[in-house]
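Here is a brief report on the strands, helices and selected side chains of one protein model. Please keep the sequence and the 3D view open while reading.

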Amino acid sequence: MNPDDPTRPDPDALLAAAKRASRGKLKVFLGMAPGVGKTYEMLRAARKRKADGADVVIGVVETHGRRETESLLRGLEVLPRRPLEHRGRSYMEFDIDGALARRPKLLLVDEYAHSNAPGSRHPKRWQDVEELLVAGLDVWTTLNVQHLESLVDVVQRITGVRQRETVPDSALSRADDIELIDITPEELRERLADGKVYLPDTARLAADNYFKPENLVALRELALRRAAQTVDDQLVGVMRDKGIEGPWAAGERILVLVGGDAVASSLVRAGRRLSDTMDAPWTVAHVERPDRPPPGALAAQRLNEALKLTEQLGGATVVLTGEDLPQTILSYARRNNVTQIVIGQSPPGWRERFGRSLAQALLKRAAGTALHIVTDAPAQSAPEPPPRPAFAFRREISGYIIGAAFVAAASGVAFLLDRMFENANLGMIYLSAVLAAGVLYGLRPALAAATVAFLVYNFFFLQPRYSFAIGSPTDILTLIVFWAVALAVGGLAGRVRDQARATSQRASAIAALLAASRRLSAAAGKEAAALVLAEQTAAAIGGKAVVLLPDGTDVKPAAGAPDPDIAAALSAADMGAARWAWEKGEPAGAGTGTLPQAAWTFHPLQGLKARAGVAGVEARGDIDERYLLALLDQGAVALERAELAAEAADAEALRRSDRLRTALLNSISHDLRTPLATVMGAATTLLSFGEKMEKPVRRDLLSSISEEADRLNRYVGDLLDMSRLEGGALKTRSEWTDVRDVLDAAATRVSRRLGRRVLVRDVPAELASVKLDASLLEQAVVNILENAVAYGPDGSRIEVSAYEDLGNVVISVDDEGPGIPKAELDKVFDKFRRLEESTDRVRGPGQGVGLGLSIAKGFVEAMGGRIVAVSPLLDGKGTRVLISLPKTVRTHPSLL
């Protein structure tokens, strides 16, 4: 199958159609404003489908108390809604899981732009609809035009109201069918006055504001235009799917063809005027021909200016590739339903005389497409072409010289063969010289070599010899053959060489973009990405580049290349152009229509959501604008990604800080208030009734005060230890330490709080010494033991053991508590982590009291060790906390 055949279905369209085959069908009932009857019409059509035997179910419909709409619900199955609780309020939302389980043939989901309640699977209802479509369900929905994302600003200027619930335009573009529900503004205002849209008080307020006649006229036009645009896009899609050859003049589409000549900008302006006249979309196209050499610097500059002018005037641009110029243009036009083609008048020449011009070729083959030929001369005379580079001139001269040398070498061989053989075909020897000149140097040196070869061959070897006289008509045929071979070989060689050069340039550009993309993706932050972008841009243009990043409402230089000091050397005019590009989102500076006196050209770096900065390049006339813009687009996305990553990191840090603050307040309110209440109660009792109390009672109260004060002291110590860890103020004092001594000291400190629990120690007689901070290790072990004591059941056993392996000394603390769920094991060392907020003693040590285990982890890791929790141990109960400390060269204390 011919890939250029216009009747051949578009491969991308076929792939998209294959993907759509498994999806459900989406129909949108579109209106200009609330109250036009979208839901009413959807229900009326659904009842008709139900009467035809279809399985129709209502997923969610908002009647807003309108009796006419509510009456249409009778006889239709309605899915129950799903209740959701959020901040003490109950919401009834669409049950997407119920719809997927029911799987009707047709599901009605009202209000496409609705925002779901927090806790729903998707934040927006259009995302619910998308999931239903992917699952293969057909869906009908309703939408007002003011909810389209691209029209939010327009609607706000018209009505003064900014819509908070929006739908991406792409979601509407994927609709298989759109039905416009249209009534006149007068009818809608009558419905409003009759109370069919809002309650009377609300209706009067709406009529004086949002529903003013001029607002409704503007909204109606937006709805009509958006529906027409969607239908036109669907028409183009159908034509591509079916391989239908256009154009179908259902709507006008304009294509402007430009090259690197002086009338390119005039053609762009003519296309814009035609677009305004026809109110039609327009595209400017340039065709790259692989069989032709790349355009020179002047032609490339004119082409870049024309494409830039197109974007400034609001048109689209496209670059096509093909050897057959008319076929390439018409294939694109037919695929995109182009009805108007604008071209410039061909320059006078042999192509014009023999009917081979582009205009004549398009006239013969462009059936059904109007052709506009612009004959205007450019407003200014074309600048003088730049002088040819010296190396190009030297190469061309060398081609002629080497071609002559080939002929001389062929003559030497011919003289030798002429003496050795009679009637030798010496013409073939000269033909090889012409062939070599054509392959190596192209057309002109080949023609020159052919002429010289014929003259030498005629002078030395054809009768009459040593004369330029032509003795036979066949000699003329020899000259014609020489020239024909020179034309064929030289032309083909030149074409292959030009194609190779163009391919090499494209491959170099693609490789450079790929390398830039990799470096930009690897940049760690905005400053690093700005530096990479400046370096890559400078390398791409062979000049200077600078990147400016936002600084409040202004921009400031952030990186420059190849010299970093370039960024600080921008003049006031340059900074003014940079600020203009930042504020307006348009190129400014040298070569533009804004502040052209600047020495640099500045381009806004437009990311996916907002501008990320400004890039400036030194003004040069040989910059490949398309390559530069592609590179800057990559840089803008990289800068935006780096900024979003930084914002995400800040947000995560803020979230953690807020969570820690909340946990700290909870801990203080609970862990500090309880002992304080005990101290205050005991002290108040002693002050009020101390003299009347018996001595044992007073002693018991004083003991309570002492114990609770000690408990407060531990909590405050935990807070201070954690602040040292968080602030980086913890300093370790490492010395050779016998871990057995540390365990003994920790057990002694905890023994007073054991109660009915039994502490068992299993420590070997000899244990390797470890270089560490003994006080930090003791506090870590105490924290773990206190958790075991505080949260283990009465009568339980707590075992502390120590052992060593080849590289570590290991401390183990086991308890017989209820254990820790496996899903929580990785979180037991988090600050303020509690699996339960109750004060009953049913938790294992690994669950902590808030800060104890987190401090233990910080202390152990500060000494180079590791700490983990293992649970459960036996019968689904028990927790083991392991501390692993790396051994050093010294082994046992007995060897010291």
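The model is predicted.

**The parallel sheet**

Start with the sheet of 6 strands. It is open, and the order is β3-β2-β6-β7-β1-β8. The pairing is parallel. Strands β3 (77–78) and β8 (177–181) stand at the edges. Each has a single partner strand, so one side of each lacks a neighbour in the sheet.

Helix α2 (residues 38–51) packs on this sheet. It touches β1 (26–31), β2 (56–60), β6, β7 and β8. The direction of α2 makes about 160° with that of β7.

Next, strand β2. Of its 5 residues, 5 are buried, so β2 is largely enclosed by the rest of the structure. It runs parallel to β6, joined by 4 bridges. It also runs parallel to β3, joined by 2 bridges. Strand β6 (residues 106–109) is joined in turn to β7 (residues 138–144) by 3 bridges.

| Residue | Residue across | Strand of the residue across |
|---|---|---|
| Val 56 | Leu 106 | β6 |
| Val 57 | Glu 77 | β3 |
| Leu 106 | Asp 138 | β7 |
| Val 546 | Gly 616 | β18 |

Helix α5 (residues 125–134) lies across β1, β2, β6 and β7. It runs at about 175° to β6. Which residues of α5 are buried? They are Arg 125, Trp 126, Asp 128, Val 129, Leu 132 and Leu 133. These residues cover an arc of only 150° around the axis, which puts them on the same side of α5. Gly 136 follows the helix. Its phi is positive, near 95°.

Ser 120 sits in the loop between β6 and α5. Its side chain reaches the backbone oxygen of Ala 117 at 2.8 Å. Setting aside neighbours within four places in sequence, Ser 120 is in contact with Leu 84 and Glu 93.

**Thr 310 in helix α12**

Thr 310 belongs to helix α12 (residues 297–312). Is Thr 310 buried or exposed? Its relative accessibility is 0%, so Thr 310 counts as buried; the cut-off is under 20%. The side chain of Thr 310 reaches the backbone oxygen of Ala 306 at 2.9 Å. Neighbours within four places in sequence aside, Thr 310 is in contact with Val 268, Trp 282, Val 284, Gly 315, Ala 316 and Thr 317.

Strands β14 (residues 545–551) and β18 (residues 611–618) run antiparallel, joined by 4 bridges.

Conventions
Residues are numbered from 1 along each chain as its sequence is written. This is a predicted model: local features need pLDDT of at least 70, side-chain atom pairs count only at pLDDT 80 or more; totals for chains, interfaces and linings use all residues. Side-chain values use heavy atoms; hydrogens and water are left out. Two strands pair if DSSP finds at least two bridges between them. Contact means heavy atoms within 4.5 Å. Axes are lines fitted to C-alpha atoms, for helices over the stretch in contact, and angles run from 0 to 180 degrees between N-to-C directions. A polar contact is a pair of N or O atoms within 3.5 Å; within protein, one must be able to donate a hydrogen and the other to accept it, and residues adjacent in sequence count only if both atoms are side-chain atoms. Buried means under 20% relative accessible area, exposed over 50%, partly exposed in between (1.4 Å probe, protein chains only). The arc is that of the directions from the helix axis to the C-beta atoms.
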